[in-house]
Amino acid sequence: MLFNRKHLLGLEELTAEEIQMILDTAVPFKEISERQIKKVPVLRGKTIVNLFFEPSTRTRTSFEFAEKRLSADTINISTSQSSVVKGETLVDTARNLEAMKIDMVVIRHGASGAPRFLSERIDSNVINAGDGWHEHPTQGLLDMLTMRERFGRLAGLKVGIIGDITHSRVARSNIWGLRKMGAEVGVCGPPTLVPGHVRELGVKVYPRVEDVLAECDVINVLRIQLERMQSNMFPSLQEYNRIYGVTTRRLRAAGHDILILHPGPMNRGVEIDSDVADGPQQVILKQVTNGVAIRMAVLFLLAGGKPAGAAEAASMRE
């Protein structure tokens, strides 16, 4: 079976089989990061442009590590470095890059739909590294890989997403991906940060964070995205922590072991307390490690790699 997509724009459009294929492909690639020489010649000769129109440290660095470990040539371009500041359009920027014979574009953009818009106008493979409030598919995939590593499965898991659901592309990719893989998903947050249509996506809405913790095997704690809010969506950060913060006291009260994820960056003392963020139940740094493996898998598959050949490709040496 082949991965027949040209682009990775979101998990909404992937099938469960395609998601499974990416997760399985990431497993052998993860071992590359453990070696003394962290490099295989899988994408030698390919040129990839990381086009980031929003600030990013974790995702951009993770993609760059993945590309370099597969021996691709990479170029990083941010808004401040591009001709966008001179008035050039996104498409013109990408077409000029294509004229220099690139193979793939990894794009992060503040406008929902920008990766799809680009994919319809250029020939290169396009990977969505986060677009507006829409999706962040590789984050959703690395979250699922992290959960699967702990539980050995995704089907039947109960996953709670807590926080700023409205502005979260991570939440949408998690919801689409997890439900397709057979997990149950619930969300919880201030009513001003939980969109009314979210139930239409097949998720349960919890009014109290204590209820999520009582029922779920996994919780994914989201960052409060103050930069995306046009007005105050809740009284104060202290009030948010008091009502919705994931704290040691609340975890103990839940009475069972819960796996804790956070896509980062964290607002310690707001959506998550430091003793939880550094505690034994969290796997936040494992998510970061898995992010490189997932991005290597996506790059490999979009470049035409066969899922059945992933183990052999990962075993190659420079």
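## How to read the model

Because the model is predicted, local features are reported only where pLDDT is at least 70 and side-chain atom pairs only at pLDDT 80 or more, while totals for chains, interfaces and linings use all residues. Residues are numbered from 1 along each chain as its sequence is written, and side-chain values use heavy atoms, with hydrogens and water left out.

## Helix α1 and its surroundings

Helices here are DSSP runs of H or I with at least four residues, and strands are runs of E with at least two, both numbered from the N terminus. Helix α1 covers residues 16-30, and its 15 residues reach 21 Å from the first C-alpha to the last, close to the 21 Å expected at 1.5 Å a residue, where the expected span is 1.5 Å times one less than the number of residues. Glu18, Ile19, Met21, Ile22, Leu23, Thr25, Ala26 and Phe29 of α1 are buried; buried means under 20% relative accessible area, exposed means over 50%, and partly exposed lies in between, with a 1.4 Å probe and protein chains only. The elements that cover these buried residues include α5 (137-151), α6 (169-180), α11 and α12 (310-314).

## How α1 packs against α5

Two packed helices are described by the angle between their axes and the distance between the axes. For α1 and α5 the angle is about 70° and the axes are 10 Å apart, which makes α1 roughly perpendicular to α5. The axes are lines fitted to C-alpha atoms, for helices over the stretch in contact, and the angles run from 0 to 180 degrees between N-to-C directions; angles under 35 degrees count as roughly parallel, over 145 as roughly antiparallel, 65 to 115 as roughly perpendicular and the rest as oblique.

On the α1 side the contact is made by Ile19, Gln20, Ile22, Leu23, Asp24, Ala26, Val27 and Lys30, and on the α5 side by Leu141, Met144, Leu145, Arg148 and Glu149, where contact means heavy atoms within 4.5 Å. Sorted by class, the contact of α1 with α5 has eight nonpolar, one polar and four charged residues. In this sorting, Ala, Val, Leu, Ile, Met, Phe, Trp, Tyr, Cys and Pro count as nonpolar, Asp, Glu, Lys and Arg as charged, and the others, Gly among them, as polar.

## The nonpolar cores

In soluble globular proteins, nonpolar side chains tend to be buried together. A nonpolar core is a set of buried Ala, Val, Leu, Ile, Met, Phe, Trp, Tyr and Cys residues joined through side-chain atoms within 4.5 Å. The largest such core has 63 residues, and those with the most contacts inside it are Ile22, Phe29, Ile127, Leu141, Met144 and Ile294. Its largest share, 10 residues, comes from α11. A second, separate core of 23 residues includes Cys188, Leu193, Val212 and Ala277.

Leaving aside neighbours within four places in sequence, Ile22 is in contact with Phe3, Leu14, Leu141, Ile294, Ala297, Val298 and Leu301. Thr138, found in helix α5, is buried at 0% relative accessibility, and, with residues up to four places away not counted, Thr138 touches Leu8, Phe63, Ile294, Arg295 and Val298.

## Helix α11

Helix α11 spans residues 284-302, and Lys286 has its place there. The end C-alpha atoms of α11 are 27 Å apart, which agrees with the 27 Å that its 19 residues should span at 1.5 Å a residue. Of those 19 residues, 15 are buried, so α11 is largely enclosed by the rest of the structure. Lys286, however, is partly exposed, with a relative accessible area of 49%. After α11 comes Gly304, whose phi is positive, near 100°.

## Backbone features in the loops

Most residues other than glycine have a negative phi, and most peptide bonds are trans. Ser71 is not a glycine, yet has a positive phi of about 70°; Ser71 is in the loop between α2 (58-69) and β2 (73-78) and counts as buried at 10% relative accessibility. Lys101 also has a positive phi, near 65°, and is found in the loop between α3 (90-98) and β3 (104-109), but Lys101 counts as exposed at 65% relative accessibility.

A cis peptide bond, with omega about -10°, joins Gly264 and Pro265. Pro265 is in the loop between β9 (259-261) and α10 (274-277).
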